[in-house]
Amino acid sequence: MKTPSKPPLDSAGKLSSAGSRPAFPVQLNGVKSNSFAIKKVAVSASSSSAAGQNDLKKPFQPGASDGFGLDSAVRARMVRRLAEQGLHDAQVLAAMGAVQRHHFVDTALAGMAYEDTSLPIGFGQTISKPNVVARMLELLRHGLTDASGRLGRVLEIGTGCGYQAAVLSHLATEVYSMERLRGLHDKARENLRTLRLANVHLLFGDGMHGFAKGAPYAAIIAAAGGEAIPPAWTGQLAMGGRLVAPLQDASGAQALVVIDRTPQGIRQTLLEAVHFVPLKSGIG
Ligand code: SAH
């Protein structure tokens with residue numbers, strides 16, 4: 001796959017036994033956080049109307065249609081491009097086709113929302129390129145023994161604007177997404193509110209410690225890269241679970257790492273180079 005030229009992203013995981021779920025809102029680092037409920041929008045990744053096809057020749061105008069017209073056709077084009085780039089997990093492509101990426105970025109940037117580019121989301125952070133999001137989600141799902149199945153509880157580190165959490169909501173039974181910057185946590189809450197995704201739980205806190213109350217996770221996904229994978233993450237991974245994250249080497253270069261928790265122990269696989277924002281400690 002192509003190496004992303006710019007930063008960001010977050011996390012997810014896969015299925016585990018049904019342990020007790022934390023009650024929400026929860027308190028993390030003394031700060032209250034909320035949960036969300038979202039209505040699922042069933043949009044086929046490959047669907048696009050004839051009118052939508054014609055509309056693809058025009059620049060995308062946010063607000064020009066609402067979900068099933070122009071923007072749905074533009075998303076379908078994005079999904080086709082992802083497939084051409086070698087991303088082939090039908091469930092991931094359908095989820096990418098269902099979520100309105102333009103809804104998560106500033107209006108001034110909405111016209112670029114379906115291009116293969118990362119975009120600023122404020123507070124010095126970035127939303128990842130669609131192909132990086134799709135690639136990481138495919139890697140998470142490939143950890144499943146049943147590829148047609150749904151991920152179980154997933155922990156995402158780095159909520160950012162909430163886009164990836166929304167995509168994950170289509171692929172996982174529960175999504176716990178943690179953000180260390182209050183401004184972005186609030187922004188994600190605002191972005192997700194109208195979507196009413198019942199299985200997305202937004203948390204404010206330092207994701208370096210994971211989120212023990214929701215563990216074990218079938219999958220963990222991080223959108224920020226540090227020099228080491230925090231031990232809390234592997235500790236909160238279910239047996240058979242998979243973690244996907246950017247990892248930085250001594251020279252500062254990042255690569256994607258996949259960590260599988262197996263009965264034989266932890267198995268780590270380094271993949272292609274990536275460029276994510278740094279994983280930071282504490283809250284801000
Ligand atoms: N997946 C996001 C992109 C987020 S960019 C989206 O779809 O918009 C990465 C995010 O990780 C940033 O918002 C950054 O603040 C956050 N981050 C970095 N270190 C973190 C930590 N220790 N805990 C939680 N979030 C962290």
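Between which two strands does the loop that holds Pro 216 lie? Please keep in mind that the model before you is predicted.

Let me begin with the overall picture. The protein has 7 helices and 14 strands. Of its 284 residues, 56% are buried. The exposed surface comes to about 11500 Å², and carbon and sulfur atoms supply 55% of that area. If we take the contacts between residues at least 6 apart in sequence, 66% of them join residues at least 24 apart.

Now to the opening question. Pro 216 lies in the loop between strand S8, residues 196-204, and strand S9, residues 217-222. A cis peptide bond joins this proline to Ala 215, with omega at about 5°. For background, most peptide bonds are trans, and most residues other than glycine have a negative phi.

That second point leads us to two further residues. Arg 196 lies in strand S8, and its phi is near 50°, a positive value in a residue other than glycine. Is Arg 196 buried or exposed? Its relative accessibility is 57%, and exposed means over 50%, so Arg 196 counts as exposed. The other residue is Phe 123, where phi is near 60°, again a positive value in a residue other than glycine. Phe 123 is found in the loop between strand S4, residues 119-122, and strand S5, residues 125-127.

The largest nonpolar core has 51 residues. Within this core, the residues with the most contacts are Met 96, Leu 137, Leu 151 and Tyr 163. Helix H4, residues 130-142, provides the largest share of the core, namely 7 residues. There is also a second, separate core of 20 residues, which includes Tyr 176, Phe 211, Leu 237 and Ala 245.

Why does Ala 95 count as buried? The reason is that its relative accessibility is 2%, and buried means under 20%. Leaving aside residues up to four places away in sequence, Ala 95 touches Val 167, His 170 and Leu 171. Along the chain, Ala 95 and Ala 166 are 71 residues apart, yet their C-alpha atoms are separated by 8.7 Å.

Terms used: Residues numbered from 1 in each chain as written. Predicted model: local features only at pLDDT ≥ 70, side-chain atom pairs only at ≥ 80, totals over all residues. Heavy atoms only, no water. Buried < 20%, exposed > 50% of the residue type's maximum accessible area, 1.4 Å probe, protein only. Contact = heavy atoms within 4.5 Å. Core = buried A, V, L, I, M, F, W, Y, C linked by side-chain atoms within 4.5 Å. Helix = DSSP H or I, 4+ residues; strand = E, 2+ residues; numbered from the N terminus. Areas by Shrake-Rupley, 256 points an atom, 1.4 Å probe, with all protein chains shown as cover.
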